[in-house]
Amino acid sequence: MVVPHRLLDVWGRWDTLYYVDIAQRGYPASYAEGGWVFHAAFFPLYPALIRGLSELLGGIHVFYVGIVLSQILLALAVFFFDKLVRLDHSESFAELAVVCLLAYPGSHFLSCVYPESLALLLGVLALYCVRTQRWGLGALACGLCVLARPNGWLVCLPALYELCRGDDGRLRLSPRVLWLLVPTGAVMLLFLLHWETYGDPLYFVHVQQGWGTTHFTFPLLALLSTNRPLDHNLVALAALLLVVYGVVRRVRPSYLLLGGTNLLLPLCTGSTKGVLRYMGSNFPLFILLARLLEPRPWLRRCLLVIGLTGLAVYSYRWSVGLWPN
């Protein structure tokens, strides 16, 4: 892609082109000659943020703004992730969970001009707020998450669980669930955007056909697919095993709900395409991994070496323009 300075293009690859173009020009209208408008598959919150900040800062190029914004969002996400983990665990455990997150081989996506760090921050913030009885802020974070990524609505599921969970651990319907009208409104806003622009409120779903995603399949079949490199399947399998481990160890249901659905939804496409990217913001997996590693220092050291080595390899592949996910 074309960026303002060649030395900085390592932060801009592949989907960055779409986000920068949306930030600069908005969503293009339907093409007169027909064909899919692929910009519609990219959700509006991240490009809106970098465009807005660019205007506030006197017209700085949106790509520069995107680089800085992603680093700030990542730092905030790590800060609130640490606070979320400490609600249930010790300081040392929270630090281990943060290390697991940052040493993940696909964590380079969190610092690029992609919405991954934004999705991570909003997901963490949503659960932290509802767990600390900041219902309004939690609902707002859920609503913004809906506008950040196609799977952003999934954070509403654990939020609903926490809103219905009483102090005794039992579930009961509560007036607090009305706060979820906020993310419902965000969904309606998204529908309206695509209806006004393309005449189809679900155009962002239908445009996936342009990439060959035309139907959903049983998610576990993706693990047997050979249309992606083996490492993608291994990452997906490792994530699935972590969710199973969490079920066996009776980890907090809201974490399992979010971690499991964030894994299974992309696998329902029948492919592990994008799994390296999507799992980087699937933060409950890193809590599960920390729980697995805490009593096993030898395994902790081994996985840290593997994770950092993988991060170096994937970062290099990304920097030279090879297909990342």
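Analyst: The discussion below moves from the whole chain to its spaces and then to single residues. This is a predicted model, in which local features need pLDDT of at least 70 and side-chain atom pairs count only at pLDDT 80 or more, while totals for chains, interfaces and linings use all residues. Residues are numbered from 1 along each chain as its sequence is written, and side-chain values use heavy atoms, with hydrogens and water left out.

User: How many helices and strands are in the protein chain?

Analyst: Helices (H or I, at least four residues) and strands (E, at least two) are DSSP runs, numbered from the N terminus. The protein chain has 14 helices and 0 strands.

User: How does its radius of gyration compare with the globule rule?

Analyst: The radius is taken over C-alpha atoms, and the globule rule is 2.2 Å times the number of residues to the power 0.38. For the 325 residues of the protein chain the rule gives 20 Å, and the radius of gyration is 20 Å, so the chain is as compact as a globular protein of that length. Along the principal axes, its C-alpha atoms fill a box of roughly 60 × 50 × 45 Å.

User: What share of the residues count as buried, and what share of the contacts joins residues 24 or more positions apart?

Analyst: Buried means under 20% relative accessible area, exposed over 50%, and partly exposed in between (1.4 Å probe, protein chains only). Of the 325 residues, 50% count as buried. Contact means heavy atoms within 4.5 Å. Among contacts with a separation of 6 or more, 72% are between residues 24 or more positions apart.

User: How many cavities of 30 Å³ or more does the count give?

Analyst: On a 1 Å grid over the protein atoms alone, a cavity is a set of points where a 1.4 Å probe fits but cannot get out; a pocket is an open set with protein on both sides within 12 Å along at least five of seven lines; lining residues have an atom within 4 Å of a point. Grid points are joined across faces, edges and corners, and a volume is the space filled by probe spheres set on the points. The count comes to 1 cavity of 30 Å³ or more. The volume of the largest cavity is about 130 Å³, and 14 residues line it, with Ala119, Cys145, Asn151, Asn262 and Ser281 nearest its centre. Helix H5 (116–131) and helix H11 (253–267) are the elements that give two or more residues to this lining.

User: How do the residues of that lining divide by type?

Analyst: Ala, Val, Leu, Ile, Met, Phe, Trp, Tyr, Cys and Pro count as nonpolar, Asp, Glu, Lys and Arg as charged, and the others, Gly among them, as polar. The lining of the largest cavity has 7 nonpolar, 6 polar and 1 charged.

User: Which residues lie nearest the centre of the second largest pocket?

Analyst: They are Tyr104, Pro105, Ala238, Leu289 and Leu303, out of 28 lining residues. This pocket holds about 750 Å³ of space, and its lining divides into 23 nonpolar, 2 polar and 3 charged. H14 gives the largest share of the lining, 9 residues.

User: Is Asn151 buried or exposed?

Analyst: Asn151 counts as buried because its relative accessibility is 13%. Asn151 is placed in the loop between helix H6 (135–146) and helix H7 (156–164). Beyond residues up to four places away in sequence, Asn151 touches Asn262 and Leu265.

User: Where is Arg149 found, and which residues does Arg149 touch?

Analyst: Arg149 is found in the loop between H6 and H7, and it is buried at 4% relative accessibility. Not counting residues up to four places away in sequence, Arg149 touches Phe43, Pro115, Glu116, Ala119, Tyr278 and Ser281.

User: What is phi of Gln133, and what is phi of Arg250?

Analyst: Phi of Gln133 is near 65 degrees, a positive value in a residue other than glycine. Gln133 lies in the loop between H5 and H6 and counts as exposed at 53% relative accessibility. Phi of Arg250 is near 55 degrees, also positive in a residue other than glycine. Arg250 lies in the loop between H10 and H11 and is exposed, with a relative accessible area of 76%.

User: How far does H11 reach from its first C-alpha to its last?

Analyst: The expected span of a helix is 1.5 Å times one less than its number of residues. H11, with 15 residues, reaches 21 Å, close to the 21 Å expected. The buried residues of H11 include Asn262, and its buried residues pack against helix H3 (62–85), H5, H7, H10, H12 and H13.
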